[in-house]
Amino acid sequence: MDLGNNGLTNSNEQLKTYATIAHGTGRDINTLTDAVIAFSQGSTKALRQFGITAKDNGDTISLTYKGSTTEIQKNSKALDSYLSDLAKNNFDGVLETKLNTVSAATGRLDNAWGTFCTRLMQSDGGFGELIIMGNDFLANTLNGISEWLDDPAVIEWFHNLAKTVRETFEGIRTERRQTERHPRRTA
């Protein structure tokens, strides 16, 4: 993000505020940071994407969100403060809810897997060596099974097994239909 390059606050707390507003409004955090950068350069148009309208009052700007208007100084620090209040008052819990979705959990798993693989690739022996040996063993075993599956006798055996299973299921299905049509009577 270009916040720091534009003299703006890019602390973890402020980025969390931006993420909260972005998720709460269904927008991307980069779009919000671009809007903040544009504000620091004198443009308020981009804030409209987040439902925030602005009115220039000379030395101050009136920002309105959902009918509530706040007047702030024309500087990035004042906007950061306004956005922090906006996040707390309108989107409390949005980020936590987002973090508890299947998509977020999948992302966390992807990150953990990436970290795990990176550490394995960087290790010099030990656990990494065991993983390599295990993978090689598994690859050799699968190659052996693949060759075995190419054997004509094995192919015929699986073909006959499939035929037997199909005939068995067809027999069960036929018997069930006959039973449904002619239930047995009990005395």
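Me: In which hand does α1 pass α3?
Reply: The model under discussion is predicted. The axes of α1 (residues 12-25) and α3 (residues 76-90) come within 9 Å and cross at roughly 55°. The hand of the crossing is left-handed.

Me: How do the residues of the contact of α1 with α3 divide by class?
Reply: From α1, the contact draws on Gln 14, Thr 17, Tyr 18, Thr 20 and Ile 21, which meet Asp 80, Leu 83, Ser 84, Leu 86 and Ala 87 of α3. By class, these residues are five nonpolar, four polar and one charged.

Me: How many charged residues has the contact of α1 with α2?
Reply: Helix α2 (residues 29-40) packs on α1 at an angle of about 115°, the axes being 8 Å apart, and the crossing is right-handed. Leu 15, Tyr 18, Ala 19, Ile 21 and Ala 22 of α1 meet Ile 29, Leu 32, Thr 33 and Val 36 of α2. Eight of these residues are nonpolar and one is polar, while the number of charged residues is no charged residues.

Me: Which backbone nitrogen does a side-chain oxygen of Asp 151 reach at the start of α7?
Reply: Helix α7 (residues 152-181) has 30 residues and spans 43 Å from its first C-alpha to its last, close to the expected 44 Å. At its start, the side-chain oxygen of Asp 151 comes to within 2.8 Å of the backbone nitrogen of Ala 153.

Definitions and conventions
Residues numbered from 1 in each chain as written. Predicted model: local features only at pLDDT ≥ 70, side-chain atom pairs only at ≥ 80, totals over all residues. Heavy atoms only, no water. Axes fitted to C-alpha atoms, helices over the stretch in contact; angles between N-to-C directions. Helix = DSSP H or I, 4+ residues; strand = E, 2+ residues; numbered from the N terminus. Left-handed = near helix turned anticlockwise from the far one by under 90°. Contact = heavy atoms within 4.5 Å. Nonpolar A, V, L, I, M, F, W, Y, C, P; charged D, E, K, R; others polar. Expected span 1.5 Å × (residues − 1). Polar contact = N/O pair within 3.5 Å; in protein donor to acceptor, adjacent residues only side chain to side chain.
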